[in-house]
Amino acid sequence: MKKNTIVEKEFLHPQEDNLETLLNKTALLQKQLKANNHLNPKFPSDTFLYKKELEKSYMPETGINTEEVFTSLSEMFEGSIRPQSPYSLFNMVPSPLLDTVAATTMTQLYNSNSLMDAFGGKTILFEQRITRAIGRLVGWDQSYGISCNGGKLTLLYAIKSAISKIAPESRREGIPKDLVVLTNEGAHYCVEHVCSILGLGANQCIRIGTKEDWRMDIDKLKQVIYEQLAKGKRIAAIVCCGGTTINFACDDTNEVYQCVEQVFKETNQTYFPYFHLDSVIGWLWFNFMGLSEKEWEQRVENPEIRFKIKRAAQKMEGVSRFDSFGVDMHKNGLCPYSTSFFISKTDECFNRLNEGTYTYGENDYEFGNFRAYRYTVENSRPATGIAAAWVAMNRLGKTGYQEYLVRLHTLSLLFKKEIENLSGVSVINTASLGWEIVFTISFNRIRLHYSDFDPSEIAKTFIQYCWNETNKGREIPLISIVPEFKVNPEDRMKIAFLLYPMYLFSEDKTGEIISKLASCIYEFEMKVISGEIVIENRLLEKPIR
Ligand SMILES: *Cc1c(COP(=O)(O)O)cnc(C)c1O
């Protein structure tokens with residue numbers, strides 16, 4: 001029987017004189033990844049079946065050496081996106097700053113656990129420094145917060161805080177039956193799931209209809225509040241949108257707040273709802289808040305881009321009156337997954353989030369006493385997000401983040417210009433305050449031959465063709481599809497394509513990238529006409545609600 005013993009060289013020495021081993025191991029693993037050193041947007045991958053694959057999965061009887069394990073591990077990366085590729089245009093996925101990756105690696109090397117000071121050293125202090133600094137962007141000078149595993153958890157913390165605010169006894173007794181959560185119809189699909197996980201039930205989340213710019217329609221909001229109050233319901237939370245990946249759904253935060261304030265005064269309510277802004281995307285705009293007119297003109301030279309950034313920042317200004325907001329630095333903060341923060345205006349969140357027997361007081365803020373596990377979802381908790389956020393925010397600063405957003409918009413304009421030069425391709429989301437590009441393709445060559453083909457079936461077959469090709473490792477644009485796109489809330493839904501410019505250093509490659517898209521369209525059309533590709537009904541996954 002082959003024997004494998006764990007040897008000393010597998011560990012960091014106590015004197016820490018062999019860190020190079022880690023770098024070498026990382027390089028060794030990277031070399032095993034197939035088809036790197038190219039510009040393909042995905043590591044190549046074959047199709048596979050879960051059930052069949054899992055039949056072969058056992059704990060190995062004996063261990064094998066590093067190189068063999070890394071070879072097998074490299075398969076894990078197959079089919080995953082390479083955000084460093086200029087052809088990676090699938091979604092808001094950044095290529096993280098190397099400094100952030102170095103920092104997160106260090107928290108893992110030293111196995112930092114941010115559950116409490118006694119384990120994590122100053123990790124929780126840094127977590128609070130970050131959340132205080134971000135809170136100050138919107139004028140909060142007593143903010144606290146929680147580093148967490150994604151934007152969905154920022155919503156979970158917000159809605160849990162809301163339930164606890166309106167029904168403090170719920171922390172020990174369970175949730176009352178009369179609570180509802182109101183949000184914008186364009187809000188992220190996970191809000192219902194969060195309500196479900198928290199025990200409210202997905203049906204207690206009510207979406208409010210919106211105006212042409214996807215901000216909540218105040219009249220509809222009022223109507224829903226009156227209806228719910230008449231039914232004997234209590235409004236636990238208002239979750240406003242602070243930007244979304246498509247259409248940049250963003251509420252006019254002051255307008256919503258004032259509307260709710262007025263209705264609650266008029267109806268003599270004895271409570272007031274908890275307000276959260278889902279700004280996991282919009283937080284980046286907070287870096288522009290408080291600029292003078294002259295500074296706006298200096299920092300954002302292009303008037304079109306300035307108009308968009310300014311409008312979004314204005315809509316979110318009312319966040320200072322809210323109770324909390326969310327931040328996803330793994331989306332537009334140049335950090336790796338997961339770097340998210342729930343930011344609370346005050347330290348009340350700590351008491352609202354715990355199970356109700358503990359009360360946070362002065363002593364908890366002394367070094368050595370902070371115990372995050374009392375209010376966090378996790379017990380043991382990585383410090384990767386804390387390290388990454390600290391590095392990114394200090395490497396960039398406010399002006400760095402301002403420049404980053406301006407450059408994303410600039411890149412988007414370059415792409416837009418190239419796309420508009422293609423015949424049969426039209427950009428349809430020019431009013432969005434975000435930098436995403438949504439477009440349609442006419443597939444005229446196909447429709448000339450087969451006028452009875454359903455345009456949406458052609459679109460779905462096309463995207464599948466593109467995805468199959470990128471899975472083979474081809475250097476072609478990896479774009480996405482929006483099965484039910486609407487420019488305005490009142491529009492008819494149509495199928496469209498999504499191109500998300502994220503990699504800043506593709507500024508001089510946009511022409512090349514879009515000409516490859518044109519080739520893909522041509523190639524696809526020829527294959528359909530020749531019968532090599534068959535258009536058939538395909539079901540695309542729709543967001544779950
Ligand atoms: C991405 C997103 C979420 C969910 O965030 P994760 O980091 O994927 O958990 C929630 N709300 C909005 C507006 C988002 O864009």
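A salt bridge here is a side-chain nitrogen of Lys or Arg within 4 Å of a carboxyl oxygen of Asp or Glu. By that rule, this predicted model has 23 salt bridges. Let's visit a few of them, then turn to the sheet.

Start with Arg-215 and Asp-213, whose side chains meet with N and O 3.2 Å apart. Arg-215 counts as buried because its relative accessibility is 17%, under the 20% cut-off, whereas Asp-213, at 24%, is partly exposed. This pair belongs to a network of salt bridges that also links Glu-255 and Lys-315.

Next, look at helix 16 (residues 348-353), where Glu-348 and Arg-352 sit four residues apart, about one turn of the helix. Their closest N and O atoms are 3.0 Å apart in a salt bridge. Glu-348 is partly exposed at 40%, while Arg-352 is buried at 13%.

Asp-364 is buried, with 5% relative accessibility.

Now for the sheet: seven strands form an open sheet in the order 1-7-6-5-4-2-3, with mixed pairing. Strand 1 (144-148) and strand 3 (205-208) are at the edges with a single partner strand each, so one side of each has no neighbour in the sheet. Strand 1 runs antiparallel to strand 7 (residues 340-344), joined by five bridges, and Cys-148 stands opposite Ser-340 in strand 7. Helix 7 (residues 151-166) packs on this sheet, touching several strands, including strand 1 and strand 7.

Definitions and conventions
Residues numbered from 1 in each chain as written. Predicted model: local features only at pLDDT ≥ 70, side-chain atom pairs only at ≥ 80, totals over all residues. Heavy atoms only, no water. Pairing = 2+ DSSP bridges. Helix = DSSP H or I, 4+ residues; strand = E, 2+ residues; numbered from the N terminus. Contact = heavy atoms within 4.5 Å. Axes fitted to C-alpha atoms, helices over the stretch in contact; angles between N-to-C directions. Buried < 20%, exposed > 50% of the residue type's maximum accessible area, 1.4 Å probe, protein only.
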